[in-house]
Amino acid sequence: MFSPAAEQVDRASLLIKDLSSLQTSLLETGDSTRQEMIAKARALISTLEAPMESILWMGWAEPARTATIRISIDIGLFEKLAADDGKAKNSQQLADATKTDSALIGRMLKHLASMFIIRETLQDTYAPTALSNALTDQIFYDGVIFTFDAQLPSHARLPAYLRSTNHIIPTDDSVFKYSHKSELGIFEWIAADPRMQTAFQNHMAGYSMGRPHWMDDGFYPVTERLRGVGEGEVLIVDVGGATGHDLAEFHDKAPTMSGRLILQDQAQAISSIQEGDRPGIECTVHDFFTPQPVRGAKAYYMHSVLHDWSDDNARKILTQLKEALKPEHSKILINENVVGDRDADWKITSLDWTMMVCLGSCERTETQWRDLVGSVGLKISGIWKGEGATESLIEVVLADDA
């Protein structure tokens with residue numbers, strides 16, 4: 001039997017007190033308190049768990065949970081569980097509804113309940129939870145499909161890959177190709193599979209849901225920093241902006257800002273935009289490794305672009321933008337993660353590893369961002385972050401302007 005050491009007991013006691021204190025203000029203070037409570041609850045579990053319990057959780061419970069959820073999506077289990085207003089159902093009823101082997105369903109349900117994905121109300125009787133109901137929405141279940149099918153194989157094969165390279169950090173997409181036994185990089189691999197294209201797009205849409213965005217009040221001072229643009233001049237160029245979700249949101253939230261809004265991306269993304277889908281936005285084809293055709297815009301905006309690329313390639317992208325900047329007028333807005341020097345957020349550190357195994361790229365610290373932009377004659381003029389946000393907005397100008 002595992003007995004926690006005295007310092008573990010003391011640590012657990014402090015965490016419990018912190019959780020109790022935070023609970024009283026949860027409804028009033030909003031998301032920041034919720035996130036803090038989650039972090040402390042996870043720390044409490046880590047403090048109290050025996051080493052073997054942690055190992056079994058990592059090696060048995062979590063892989064089985066993820067695989068079981070993936071199977072549940074394939075057979076429509078969560079939809080059947082939510083039917084009839086979420087009335088509790090037994091394993092045979094759910095096996096009949098999904099046309100699946102009853103023994104398999106029974107084992108799936110038990111593990112899903114043990115991992116708090118669904119609720120066990122009576123013996124062999126189950127009801128949905130908020131999470132299982134959310135997994136009936138394609139925005140969310142496509143996130144499971146994409147991360148399981150595209151990303152998890154690369155994490156699983158990373159140790160073997162690194163052993164084969166004497167543990168040299170990858171700087172390209174070789175881990176993804178090695179893991180999937182493919183000559184295609186991840187973006188080509190996605191493009192070759194229409195179902196995976198949809199899953200990726202929905203995963204990205206789900207990733208941005210419910211989070212503060214840079215144009216929201218209290219994040220980046222939009223009016224103050226982007227003023228001084230006439231009606232016919234260009235306000236924002238969204239570089240590599242896919243189908244324009246960010247620019248459309250800006251257009252909705254800042255309707256009085258004057259100036260043209262231009263979306264740029266590869267032909268495949270631009271051609272997928274239906275006529276009338278992006279009112280007020282000019283949709284154009286452009287490769288950001290080539291000279292920027294729009295000169296002297298107020299802002300060149302990039303959301304989660306540079307984290308896809310190594311420093312060498314990121315410098316090439318930034319250099320093309322630098323050449324288009326108008327001194328004392330233009331700026332580059334980089335909407336990305338900034339990894340904390342300490343107490344880094346798990347969502348950012350895990351994404352950092354995902355970028356490494358899929359693209360050989362990374363999430364960057366503030367020092368790394370400053371070094372990167374400085375290496376091409378640019379300078380960071382400010383970094384903004386909204387309450388509860390993981391991503392930041394990094395404002396970059398010509399070095400002589402800062």
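**The annotated position and the aromatic rings**

In UniProt, an unreviewed entry carries the annotation "active site" for His307. Please bear in mind that the model before us is a predicted one.

Where does His307 lie? His307 belongs to the loop between β7 (299–303) and α16 (311–322). Is His307 buried or exposed? Its relative accessibility is 9%, and because buried means under 20%, His307 counts as buried. Leaving aside residues up to four places away in sequence, His307 touches Glu336, Leu351, Met355, Ser361, Cys362, Glu363 and Arg364.

One of these contacts, Arg364, brings us to the rings: the charged end of Arg364 sits over the ring of Trp369, 5.3 Å from its centre.

Let me turn to ring pairs. How many aromatic pairs are there? The count comes to 11. Among them, Phe289 and Trp309 are arranged edge-to-face, with 4.9 Å from centre to centre and 85 degrees between the planes. This pair links distant parts of the chain, 20 residues apart: Phe289 is in the loop between β6 (281–285) and β7, and Trp309 is in the loop between β7 and α16. Phe289 is partly exposed, at 27% relative accessible area, and Trp309 is also partly exposed, at 25%.

Finally, Trp214, Tyr220, Phe250, Tyr301 and Trp384 together make up one aromatic cluster. Thank you for your attention.

Terms used: Residues numbered from 1 in each chain as written. Predicted model: local features only at pLDDT ≥ 70, side-chain atom pairs only at ≥ 80, totals over all residues. Heavy atoms only, no water. UniProt positions renumbered as here; feature names shortened; annotations may be inferred. Helix = DSSP H or I, 4+ residues; strand = E, 2+ residues; numbered from the N terminus. Buried < 20%, exposed > 50% of the residue type's maximum accessible area, 1.4 Å probe, protein only. Contact = heavy atoms within 4.5 Å. Phe/Tyr/Trp six-rings, centres within 6.5 Å; stacked < 30°, edge-to-face > 60°. Lys NZ or Arg CZ within 6 Å of the ring centre and 35° of its normal.
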